[in-house]
Amino acid sequence: MEQGHEDRTTTGPDGPGVDRLAPWVGGLAVALVEMAQGRRPVTTLDAVATPAARRRIHRVVRAAARPRPGRRIPPVRLIRVRGMLPTAGAYEAAVTVGIGPRAIAVAARVEHDGSGWRIVDLVPPEAGLLPAGRRPARTTPPDRRTARR
């Protein structure tokens, strides 16, 4: 191994390296979206979440979950995980998750607490999802002539 480069794939005292954390965190984001769709129980991530994260995840999932009788639930797939280690024992990632033809972002932070990695925060775009086919209304651009005066 070259000097100055850490082995990112081995397991050390802080747990798995970045290369092993990325797919795990991606799976957490997919599970979160599936929980919001009603495909998984709300308690799916409880074993790996801190108490504060668990409460927030439950609140987000319950707010997003709405039964859609007779409607096909689009499949969820992991598209990409972009992560980094901001400090020792912490991993933050922006996860892109596909839901049918659409994609959303989920922000994640996990920390190693000495016994394992725990979800500290897992945040979907809580208010940003629109039903398929709907777009936000266009806003009128500001009148630049009045701004120059």
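Helices here are DSSP runs of H or I with at least four residues, strands are E runs of at least two, and both are numbered from the N terminus.

**Ground rules.** I'm working from a predicted model, where local features need pLDDT of at least 70, side-chain atom pairs count only at pLDDT 80 or more, and totals for chains, interfaces and linings use all residues. Residues are numbered from 1 along each chain as its sequence is written, and side-chain values use heavy atoms, with hydrogens and water left out.

**Overall layout.** I looked up the fold first: the protein chain has three helices and four strands, in the order α-α-β-β-β-β-α. Then I checked burial (under 20% relative accessible area with a 1.4 Å probe, protein chains only): 30% of the 149 residues are buried.

**Glu34.** I went to helix 1, residues 18–37, where Glu34 sits. Is Glu34 buried or exposed? Glu34 is buried, because its relative accessible area is 12%. Next I asked what its side chain pairs with: there is a polar contact to the side chain of Arg40 at 2.5 Å. That term means N or O atoms within 3.5 Å, one able to donate a hydrogen and the other to accept it within protein; residues adjacent in sequence count only if both atoms are side-chain atoms. Skipping neighbours within four places in sequence, I found Glu34 in contact (heavy atoms within 4.5 Å) with Arg39, Arg40 and Val76.

**Helix 2.** I took residues 51–64 next: 14 residues, reaching 20 Å from first C-alpha to last, close to the 20 Å expected at 1.5 Å a residue. That expected span is 1.5 Å times one less than the number of residues. I noted its buried residues as Ala53, Ile57, His58, Val60 and Val61.

Technical notes: Buried < 20%, exposed > 50% of the residue type's maximum accessible area, 1.4 Å probe, protein only.
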